[in-house]
Amino acid sequence: MKDSRNEIWVFGDYRNYFQNRVTLQLLSRATELAKDLKASVCAVVFGHDVDEWVNEYIAHGADRVLVIDHPDLKCYKIETYVNLMIRLLGEQRPEVLLVGATNFGRDFAPRVAKRLKTGLSADCIDLNINEEGLLVQTAPSFGGNILAQIITPKYKPQMATVRPGTFQEIPHDYERTGEIIRIPMPTDLPRERVNLIRSERSPQRIQRIEDAKVVICGGRGMGSKKKFKKLTELGKLMNAEIGATRPVVYANWIEPEALIGQAGKHIQPKVLFAFGISGAIQHTAAINNAEFIIAINKNPNAPMMAMADIAIVADANQVCLAMIKELKIRIRG
Amino acid sequence: MTTMLKLVTCIKQVPMVSELPWDPRTGRLKRNLAGGMINPACRHALEAALILKNTHGAEITVITMGADIAEEVLREALAMGADRGILVSDPKMAGADTLATSLVLSKAIKKACADFDLILCGCHTSDSETAQVGPQMIEELDIPGVTYADQLDLNGRLLSLQRLSDNFIETLEMELPGLVTITTQKQAPRYVPLAGLQDAFSQTDIDRLSLADLDLDSELAGAKGSPTKILKVYSPTATKDNTVLKGSARKIAQQLFDQFDDKIGGAIGKDIKNYQERP
Amino acid sequence: MDFNPCMKHKLVRRTVRDFSEAELGPIAHEIDRDARFPWEVIEKMRGLNYFGLQIPRKYGGAEVDSISYAITIEELSRVCASLGLCVTVHNSVGAQPINSFGTEKQKERFLPPMASGERIGAFCLTEANAGSDASGVETNAVEVEDGYIINGTKIFVTNGGICGVALIFATVTSGTDKPSTNVFIAEKDMPGFSVGEIEDLCGMRANPVSSLFLEDCRVPLDNCLGQSGSGIKIALTALDSGRIGIAAQALGIAQGAFEAAIKYSKERQQFKKPISSFQTIQNYLADMATEIDAGRLLLYRACALKDGNKPFGTEAAMAKLYCSSIATRTTNLAMQIHGGYGYSKEYDVERYFRDAKVTEIYEGTSEVQRLVISRAVLSQHT
């Protein structure tokens, strides 16, 4: 008879710690959910030299941390990690397992769910406990234009992945204590069939647009390649990355890597400027997680304007030029 | 003598989003009005398969799980150069979540193309966007697999992949048979040639597989075989209480930076308060 | 009678639309403004068999059914009428006459490079003094030992500036026989064959419509198309089937303008309401929708007859007459709905308005179409 634990597990995805604090965000959400379930929170970490993260996780809400620390785990290896997690889940059956929806998480979580034949929702924008004590997962489709509330009533653990930036982390409390359980690395794991030849942090270009705090997106409404280029000047003044919609990329006003959309990059900036963008769904699906949207469009009824926090009804090109002028006056030094 | 590579590409028919009428007042999509199209990432997966066919010689089987109308995406794939199309369709498959879907697709591949060398899938779909079916098929078929691959290179039975995973540039290798999911970054998909389209309808038959053909218990497919249950589906309220600015561009820029200097200044890390005397 | 498009036709429409919107959409405005022929997209169109639509498989063509053909031309024209024109003229009146009237040797020689788009076709009938009156062509061909020497000037040749193969209609004056019209295949680098200035036109500006000069141009016997004296017959046959292409082109222009009008009417607000809520605009949209639908049905009926190897000339004339008239009417209404903005080049609708008009003029004016139809009507009714 397997041990069933009234616990919420959070996978410790630590490798991108400074940019990506999803584990801490999930721990804080787990803490709230744990109150409703009268459960405790447990972080699970596989890696090498991970003590720093272990302590962070306790400081951010973990009551317990399961750690497997071994040189073989210096880099994330998918099959090994899945096998380790399955072993742990086999011995201790928590109620819930939460995984950050990083590229790794979105590969790792489904494989774990499949092995256990349990349910998994992706990119949840909210998690709650209902009257039956089940995890209600609010998951988006169509880029967030449709939401579904999902439960996994019959299988454990109930699993969900959550994108970085969805939940707020609680401030750390280094006075907090928690139980650290160091588990020895098993020696009988099946051989990893996928060989990681190389895994290097990508060199910091100015910044990746997916991580940028401020993004300026331009659409066809900018008028021409020459006028579109003015956004770059505005971007320099604002430390912003420049993105574009599909028609702009097709018209060769900017390189294809700048495409923001379902077939391009998804962004979650603190502030997003949308210049001359009508708001086609292939684009808006990729900007749903922007915190604050400022849209500039001649057409007050463009869908982009309905999504915006500030809707500026004016010619996008002229506002861009005016903003450049205004910022040059205001920014000292 | 080299035997032909056997490639399988899984494709999904998704609503044609660009056609979806959008009601700006309610922010709702009128889903029932759209036609279907090949999911964009699946198109990239198919393109990767076609490139492999070009360089190495291969037979490409495209497979989809869907209603009768999903035949359209198979025909389109055939028009682009795929060799065989399989429609996995059964009313009992409806309502499947990714667990049930990955099971059905895996069983179908084992039935129709058991000696596959490589399965290619799109990294995610534009409608449900879970990105789960690929990894779950990897588990179901118990083969090596890599997700979010940008680039593939095949040398004999060794597949080498490049990808950007959470800010890490990675190179991975695995032996065939295996499964990869392809991102929308590289291999821009080709357009459909009209001669190919004619042939796709006149020269090839689509194979159909039902639940019975797969020897699969109906309890494991469709909604019955899905551990997740949907409680409700809704559109989030789209009406935002937004501020509208109008007027001359100059005034707008001033107003914007005056009223929101904290928000904007904070985000860009600069002080943009107006300290000067302005006329 | 099933009026729903079959899966194949749905896919033809969608795939050509995908291409047109992605590749022609971003440049359509600029190439019209600059009267530039976009070689860069022609390369891509060649790979998709657009230049081999009506050429048999054995010569490298795609040999599609007439409805697929009409849909392709319509979808190209919906975004860029100039390129829709290029493709339809090349297929219907450039390649098809060679396919219908050429010897096997001629077909093997000319059709494969035309099917691949390596050589684009042009149809050269019109002259300064010969428009609707085809029999009045003054370009003359004198028989010599191993061919003919041709002299004359052809005007308003669609694809003239870029054609690799041109069908020249000339009057042969040979001694005692009465003059007859013959068709000669001129090729780009033939001595004595040259391209004149590109016309500065109201619409279809990205199509290099030009004059062609034949100055003692020697054309070998191998380049004589069809039997001697069959020029008029070839012309009329070509134009019969060319009508289907032009009707499709006109339909595409109307459709594009119509969609722009719907979109604009929903976005534009006056008196605190979108103008699409006003009955007058609604009436306009209703008329446009009905007429476009009617035009489409006329067109596909002509296509079905052609594919069934039944006579289709009258029906094709009806389709061309009607579709071209609704193109001008629809684009006019669409511009009206756009109000002042419609008159500005910032919006596409004025380009549709300018492009539409010529569909009532070329490949048989609307007056000539009426001639064809009324002849049929009068001969059928006793």
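Me: What makes strand E8 of chain A and strand E15 of chain B a pair in this predicted model?
Reply: Two strands pair if at least two bridges are found between them. Strand E8 (residues 146-151) of chain A and strand E15 (residues 229-234) of chain B are joined by 5 bridges, in the antiparallel sense. They therefore count as a pair. Within this pairing, A:Ala148 stands opposite B:Val233.

Me: How many residues of chain A and of chain B are in contact?
Reply: On the side of chain A there are 81 residues, in contact with 73 residues of chain B. Helix H9 (residues 316-330) of chain A gives the largest share of the chain A side, with 9 residues. That side divides into 41 nonpolar, 20 polar and 20 charged residues.

Me: Which bond joins A:Lys156 and A:Pro157?
Reply: A cis peptide bond joins them, with omega at about -10 degrees. A:Pro157 lies in the loop between E8 and strand E9 (158-162) of chain A. In chain B, a cis peptide bond joins B:Leu176 and B:Pro177, where omega is about 0 degrees. B:Pro177 lies in the loop between strand E12 (168-175) and strand E13 (178-182) of chain B.

Me: Why is chain C called as compact as a globular protein of its length?
Reply: The globule rule gives 21 Å for 382 residues, and the radius of gyration of chain C is 21 Å, so the chain is as compact as a globular protein of that length. Chain C holds 10 helices and 10 strands. Its C-alpha trace spans about 80 × 55 × 40 Å along the principal axes, and buried residues make up 52% of the chain. Among contacts between residues at least 6 apart in sequence, 74% join residues at least 24 apart.

Me: How do you know that helix H9 of chain C is largely enclosed?
Reply: Of the 9 residues in this helix (residues 349-357), 7 are buried, so the helix is largely enclosed by the rest of the structure. Among the buried residues are C:Val349, C:Tyr352 and C:Phe353, and also the charged residues C:Glu350, C:Arg351 and C:Asp355. The cover over the buried residues includes helix H1 (7-34), helix H4 (81-101), helix H6 (231-267) and helix H8 (313-338) of chain C.

Me: Why is C:Val79 called buried?
Reply: A residue is buried if 20 or more other C-beta atoms lie within 10 Å of its own. C:Val79 has 23 such atoms within 10 Å, and is therefore buried. This residue lies in helix H3 (residues 66-79) of chain C. Leaving aside neighbours within four places in sequence, C:Val79 is in contact with residues including C:Ser20, C:Leu24, C:Ala28 and C:Gly256. C:Val79 and C:Pro208 are 129 residues apart in sequence and 18 Å apart in space, C-alpha to C-alpha.

Me: Is C:Asn159 buried or exposed?
Reply: C:Asn159 has 25 other C-beta atoms within 10 Å, so the residue is buried. Its place is in the loop between strand E3 (147-157) and strand E4 (163-172) of chain C. Phi of C:Asn159 is near 65 degrees, a positive value in a residue other than glycine.

How values were computed
Residues are numbered from 1 along each chain as its sequence is written. Chains are lettered from A and ligands numbered from 1 in the order in which they are written. This is a predicted model: local features need pLDDT of at least 70, side-chain atom pairs count only at pLDDT 80 or more; totals for chains, interfaces and linings use all residues. Two residues are in contact if their C-beta atoms, placed from the backbone, lie within 7 Å. Helices (H or I, at least four residues) and strands (E, at least two) are DSSP runs, numbered from the N terminus. The radius of gyration is taken over C-alpha atoms; the globule rule is 2.2 Å times the number of residues to the power 0.38. A residue is buried if 20 or more other C-beta atoms lie within 10 Å of its own, exposed if 12 or fewer, and partly exposed in between; C-beta atoms are placed from the backbone.
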